[in-house]
Amino acid sequence: MAYNLLKGKKGIIFGALDEKSIAWKTALRCVEEGAQIVLTNAPIALRMGEINKLAEACDAPVIPADVTVTADIENLFEGTKEHFGGGVDFILHSIGMSLNVRKNIPYTNSNYDFMHKTLDISAMSLHRILQVAMKQDMINEWGSVVALTYIAAQRIFPGYDEMADTKAMLESIARNFGYQYGVKKHVRINTISQSPTRTTAGGGIKGFNGFIDFAEKMSPLGNADADQCANYTVTLFSDLTKMVTMQNLFHDGGFSNVGVTQPVIDQMEKQ
Ligand SMILES: NC(=O)c1ccc[n+]([C@@H]2O[C@H](COP(=O)([O-])OP(=O)(O)OC[C@H]3O[C@@H](n4cnc5c(N)ncnc54)[C@H](O)[C@@H]3O)[C@@H](O)[C@H]2O)c1
């Protein structure tokens with residue numbers, strides 16, 4: 001059901017790779033709520049061609065940008081300004097890649113070139129996007145930026161390790177830049193800490209099926225799925241949440257506040 005929550009708003013969606021991507025679902029929901037969008041992803045991801053289906057469904061241009069390259073972001077924002085004839089009201093940062101995790105390198109033996117790249121892609125990219133946005137005055141007054149994160153930034157989830165450090169940095173950047181951009185232009189910046197979700201990035205984590213099943217049992221409402229995440233993100237892009245900024249918002253069916261649940265106790269007692 002659509003509520004016209006984003007009527008007249010314009011935004012940029014980073015990170016739609018395929019139909020499972022959280023960004024894919026969010027792009028569709030934003031358009032359903034009345035927004036116009038520009039889609040972007042790394043040139044290598046665009047070569048898969050999947051995004052063209054989404055672009056058609058959303059009537060949106062696709063502008064390539066590798067988020068580790070400042071010139072790409074500058075070019076993306078210039079193209080977006082030209083397309084819309086002005087700045088944007090919202091940006092979704094839905095980008096993640098951990099090289100050490102991908103390559104199955106144990107945390108205690110991390111390769112630092114890979115770690116640099118992981119931090120660059122998955123955390124510093126938020127800083128880079130916001131810095132270029134500020135310089136180009138890309139985000140309109142009371143605009144909203146959302147980046148996706150995971151509770152491993154606060155608690156230990158073996159296997160997620162390098163990405164956990166990266167998410168902690170991402171959440172910190174959201175707070176620090178949220179302060180600066182809030183003072184300067186009332187732009188709000190938040191992170192959504194999402195339940196484990198079956199996507200390409202999620203599937204790269206060792207033992208991911210175990211993560212999902214455990215989180216499901218540990219969440220009174222069950223795991224939040226990608227469509228529900230898209231709904232929540234829409235509310236943060238809307239004018240209904242204008243005074244929310246610099247927050248890490250859990251979208252996890254209650255998981256983050258649970259010590260143990262009865263289904264988990266029952267399972268332990270069975271063994
Ligand atoms: N899937 C989960 O369980 C889960 C849970 C919590 C948070 N998240 C976060 O949600 C976000 C979206 O991930 P997803 O699960 O939808 O997976 P996904 O694989 O569909 O999306 C990750 C995106 O990052 C993009 N990307 C990677 N390197 C890039 C670069 N250099 N430049 C530009 N884009 C680049 C990929 O092309 C891809 O589109 C990530 O930040 C992820 O950490 C996912």
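Q: Which residues of helix α9 are buried?
A: Phe211, Ala215 and Met218 are buried in α9, which runs over residues 208–218. Keep in mind that this is a predicted model.

Q: Where do they sit around the helix axis?
A: They line one face, because the buried residues fall within an arc of 65° seen down the axis of α9.

Q: What does the face turned away from the buried side carry?
A: Asn209, Gly210 and Asp213 are there, and they are exposed.

Q: And what covers the buried residues of α9?
A: The cover includes α11, residues 262–270.

Q: Switching to cores. How many residues has the largest nonpolar core?
A: The largest nonpolar core has 60 residues. Ile13, Ala16, Ala27, Ile37 and Leu39 have the most contacts inside it.

Q: Now the ligand. How many residues surround it?
A: 26 residues surround the ligand. Ser21, Gly96, Thr199, Ala201 and Gly202 are the closest.

Q: Which elements give two or more residues to that shell?
A: Those are α1 (22–32), β4 (139–149) and α8 (200–203). The largest share, 3 residues, comes from α8.

Q: How does the shell divide into nonpolar, polar and charged?
A: It has 13 nonpolar residues, 12 polar and 1 charged.

Q: Where does UniProt place "binding site"?
A: The unreviewed UniProt entry gives that feature at Gly15, Ser21, Ile22, Asp66, Val67, Ile95 and Lys167.

Q: Take Ser21. Where does it lie?
A: Ser21 is in the loop between β1 (10–14) and α1.

Q: Buried or exposed?
A: Ser21 is buried, because 24 other C-beta atoms lie within 10 Å.

Q: What does Ser21 touch?
A: Ser21 touches Gly15, Ala16, Ser94 and Thr199, not counting residues up to four places away in sequence. Gly15 also carries the UniProt "binding site" feature.

Q: And Lys167, which helix is that in?
A: Lys167 is in α7, residues 161–185.

Q: Is Lys167 buried or exposed?
A: Lys167 is buried, with 26 other C-beta atoms within 10 Å.

Q: What is Lys167 in contact with?
A: Setting aside neighbours within four places in sequence, Lys167 contacts Thr149, Tyr150, Ala152 and Ala153. Ala152 is among the residues of the 13-residue core.

Conventions. Residues numbered from 1 in each chain as written. Predicted model: local features only at pLDDT ≥ 70, side-chain atom pairs only at ≥ 80, totals over all residues. Buried ≥ 20, exposed ≤ 12 C-beta atoms within 10 Å, placed from the backbone. Helix = DSSP H or I, 4+ residues; strand = E, 2+ residues; numbered from the N terminus. Arc of directions from axis to C-beta. Contact = placed C-beta atoms within 7 Å. Core = buried A, V, L, I, M, F, W, Y, C linked by C-beta atoms within 7 Å. Near = placed C-beta within 6 Å. Nonpolar A, V, L, I, M, F, W, Y, C, P; charged D, E, K, R; others polar. UniProt positions renumbered as here; feature names shortened; annotations may be inferred.
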